[in-house]
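Subject: Structure for you to look at

Hello,

Here is the structure I said I would pass on. Please open it beside this email and follow along; my notes come after it.

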Amino acid sequence: MKDFILPPKDWDMGTPLPRATETVSLKIDGFDVTVPAGTSVMRAAMEAGIKIPKLCATDSVEAFGSCRLCLVEIEGRRGTPASCTTPVTEGMAVKTQTPRLAKLRKGVMELYISDHPLDCLTCAANGDCELQDMAGMTGLRQVRYTPGDNHYAPTTAGSLSLNDIRAKAPDAATNARYIPKDDSNPYFTYDPAKCIVCSRCVRACEEVQGTFALTIEGRGFDSRVSFGAKSDDAMHSDCVSCGACVQACPTATLQEKSVAELGTPDRAVLTTCAYCGVGCSFKAELNGDKLVRMTPYKHGKANRGHSCVKGRFAYGYAEHPDRVLNPMIRDSIDQPWREVSWDEAMQFTAARLTKIRQDHGRKALGVITSSRCTNEETYLVQKLARAVFLNNNTDTCARVCHSPTGYGLGQTFGTSAGTQDFDSVEQTDLAVVIGANPTDGHPVFASRLRKRLRQGAKLIVLDPRRIDLLETPHMGDSWHLPLRPGTNVAVVSALAHVIVTEGLVDMDFIRTRCDTDEFAHYAEFISAPRHSPEATELLTGVPAATLRAAARAYAAAPNGAIYYGLGVTEHSQGSTTVMAIANLAMLTGNIGRPGTGVNPLRGQNNVQGSCDMGSFPHELPGYRHVKDAETRAIFESLWKVKIDPEPGLRIPNMLDAAVEGTFKALYVQGEDILQSDPDTHHVAAGLAAMDCVIVHDLFLNETANYAHVFLPGSSFLEKEGTFTNAERRINRVREVMKPKNGYADWEVTQLLANALGAGWHYTHPAQIMEEIAATTPSFANVTYDLLEEKGSVQWPCNDAAPEGTPLMHVDGFVRGKGRFIVTEYVATDEKTGPRFPLLLTTGRILSQYNVGAQTRRTENNAWHDEDLLEIHPFDAENRGVREGDWIRLASRSGETTLRATITDRVSPGVVYTTFHHPDTQANVVTTDYSDWATNCPEYKVTAVQVAPSNGPSDWQRDYAAQADRARRILPAAE
Amino acid sequence: MSHQATTAEPGEIRAIIEAERHREGPLLPILHALQSRFGHIPEAALPLIADALRLTKAEVHGVVSFYHDFREAPAGRLTLKLCRAEACQATGANALAASVLDRFGLDWHGTTPDGAVTVEPVYCLGLCACGPAAMVGERLIGRADAARIDAALAEAGA
């Protein structure tokens, strides 16, 4: 394991911890040990603090028994069994060190070393190499074999990359067995010369990641690890660069390029990834304050030691030259930026805000909190609006993603959050994935789900596209319901119709846990023939027989779990679909147990937290309505202000009001609304109409083109705080290095508040968390000390649940009785017609994240450097579009151009693209239709036309010119 | 084994996969069928097999490369296998192999420039009592020497 800075609790235990609850006692070297049944002798020894030499075993994968180094003697048994593959038995007596074992181990090590280049001093794994450690541990002092057949370049110490070989040492390749280093992946190298063929990487790719991109090719002495087939390299194989193989490799065979360049790190700080809502725990490993690598933390409760290409490798943006480190101001957006001191920036901003408040009233100001920032920072930003601006004009990017989740689950269950922890997936018998693409959007969760699918769990996918999850290697039964975009409610209701009319309902659950009157009403509604799969087939495009089979499978599964994403929420009926999903879970009693539940896959690292922290204009922290006088009183007494009892403006309302001239100032922390929000033209018009737009971000993002004040932000590596992931888990974020811009984001917000006379004096985010805990019942017992002790906790965490709440609604729903709500399908107003005959839906890709502000500034572009339009071969042929052609994508809102890729992954009539690149601006095309309950925009359905094109649209040209003008920075005055 | 080296069309590969995929443990039968048709396992077949069996390209490659009899490129018209196992080595197999390879100007697995003969090592042909053993096409040869091998090759039309 690439992990040599190890306190004992982080030791590699060799084999995984078994699930068993019964225990077995044995003696190892005379010491008594008690471990769960099924534990390996190797792991039991580690538990007793006795390390057994090993090479092919690591605790992230099942035992393999190939290296023959971990041999032990067991009293009463013949021979020397491998301790990794031998399970403990009651009363067993094991010896780990005997002269016979020492001799065997030395012999094995000699054989390994006889085919290993001994260039340790110049090797990237020097000091972090298990082969080196084992040579030391077994006391290897000589290798008796004369140099013979081997796999490394004979003329050089170490090994060279293919390019080096060609350039510098053409003769070095005379060893026919020598395979040059594969450096095609931007983040790690594969050096076959150093491989000891322990198969840890192959097994990690299979067992941990589930991609099966690696294999051992050949046999015997010819065996080598291979990415894909013979002519593939790492980059041109199925490899998704998750890093599991690198993590598992005991030598420098698979090695991070950053370590090769910067050297082995000497300290580690535990923190939380700032990409998606999975919230993986990582160790940031450093030399001084130089970040050398990020490695997934095996005790992280969300990721259990796994990672994806973003969290593990794509952190380079934090040091990207584009990052702005000094505050900047300008009087109007047609001027160039002027770099100023923090003081001057704050005075300038405060003066503008004060004037706007005088001229236009307190309601002309607002804030947008960031789902990328910490809970503490979000809390302060909404506090700025409520306690300093004295209004409720606060909103957050959750408006455009999971606001329907908040509403829908709040109405039916009583909380606006997922019901399970991620561990729950290990007990699922059937997973329903709706409008989510976990292998790209939530990769670490996808790996955990895939593991369960390989163990036999079934899969139902509701998605217009055939997502990668449906192509999981070694998976069992699956059903794909390829619905037309916009028909979620009809399809989910049809599933419910089948369950109710075929008598598959869990009546015991409904009688005890749900409101039965409402159920009766709902059952009558849903039984109507118009909801049947046969009746809706024409509308939804889902074959009735497939839908019925899927509904029966979900109802029959002992534990059925629903996971859903933005393909559910970002619709005009987003909230209705969320409620339909809740109905489905209640109908089948799939709530309140491990392996079941309704689980929104939250998009951003802290979107759950930003909602929890009162970012919405109608809710104070903890989802309490601003109209509620008791809640207001809690905050009023603490903040010593009067809180406005009227809900404030949502993002779209702010923009509308700006265009009307009544909304003048906006503080946007860590969000790029111009690129991420729908109908870009309207967003641009709103921003341009304001007098003071304050952008607080790492980079001059697209929104900053319309800003008057730019406050440089700090990266997640530069601050203390907490993120709350999709399973309500509050994870610590720790300061790995000092903020390059001078201040952590919470400090910047405090500076701004104090410039307006607020008089805040927080000196550490822990104090902000104290204030959150004191005012918000679901966070009542959360303290930094508790997080230090437990690693993380899932809210609610209070006197009723002092250690947090992994599963919700176990004995009863938070709201009391579960509530069935009728879900009538209403077609969106966005309709296809002769001019716009195709439906566009949008999504994301593994290597890029959201608007790409971070990932585009890393080597991840090697995988995806432009947005592509996926189009079915039938539609492409009709339009004369060929693979890679430039096309014009037009809707009623606008048009853009991008290149096309032809695939039958989308159905005829449906096209798909991502929105990671600002030059594409997919949101120029999306409309301003939105969810009826929450205004969540309808990103997922836009009627479009596709036509061949030969260059950028007018808008793209104008936009690029405006952006270039708006990004000019004057050199600082001398 | 009679096979004919031709370019592998995806359509034909798919048809061969289809014909075998219903079998229990279909991977090896598919590979045998492909090799029998094309004289080797074309790399283009790997993703198609992977798709059909819900495996990955890497897994199929692992299996193909494990078995020496599955070839990555077509062999010559005739395959000459020379046994290198212990019993044959004891009766002079190494010297025989050296002289055969030398005469053809080949290394192991090599094919003569005219595409006539490929020389392969093999580890035991079950003829330990009358080593050194060899095999020309499907025909076994005991107490092999250069002359007997030449005769067998000539007879087989090399």
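**The cysteines of chain B**

Cys128(B) sits in the loop between strand 2 (117–122) and strand 3 (134–136) of chain B. Helices (H or I, at least four residues) and strands (E, at least two) are DSSP runs, numbered from the N terminus. The model is a predicted one, in which local features need pLDDT of at least 70 and side-chain atom pairs count only at pLDDT 80 or more, while totals for chains, interfaces and linings use all residues. Residues are numbered from 1 along each chain as its sequence is written, and chains are lettered from A and ligands numbered from 1 in the order in which they are written.

Cys128(B) is partly exposed, because 16 other C-beta atoms lie within 10 Å. Cys83(B), in strand 1 (residues 78–83) of chain B, counts as buried because it has 28 C-beta neighbours inside 10 Å. The cut-offs are 20 or more other C-beta atoms within 10 Å for buried, 12 or fewer for exposed, and in between for partly exposed, with C-beta atoms placed from the backbone.

An unreviewed UniProt entry gives the annotation "binding site" to Cys83(B), Cys88(B), Cys124(B) and Cys128(B). They are spread over 46 residues of sequence but cluster in space, with a largest C-alpha distance of 9.5 Å. UniProt positions are in the numbering used here, feature names are shortened, and annotations may be inferred rather than shown by experiment.

**Where the chains meet**

How many residues of chain A are in contact with chain B? There are 18, and they are in contact with 13 residues of chain B; contact means C-beta atoms, placed from the backbone, within 7 Å. The largest share of this side of chain A, 4 residues, comes from strand 6 (residues 214–217) of chain A.

**Helix 17 of chain A**

The buried residues of helix 17 (residues 533–540) of chain A are Pro533(A), Thr536(A) and Thr540(A). They lie on the same side of helix 17 of chain A because they cover an arc of only 75 degrees around the axis; the arc is that of the directions from the helix axis to the C-beta atoms. These buried residues pack against helix 14 (488–501) and helix 18 (544–556) of chain A. Just after helix 17 of chain A, Gly541(A) has a positive phi of about 80 degrees.

Regards

Key
Contact = placed C-beta atoms within 7 Å.
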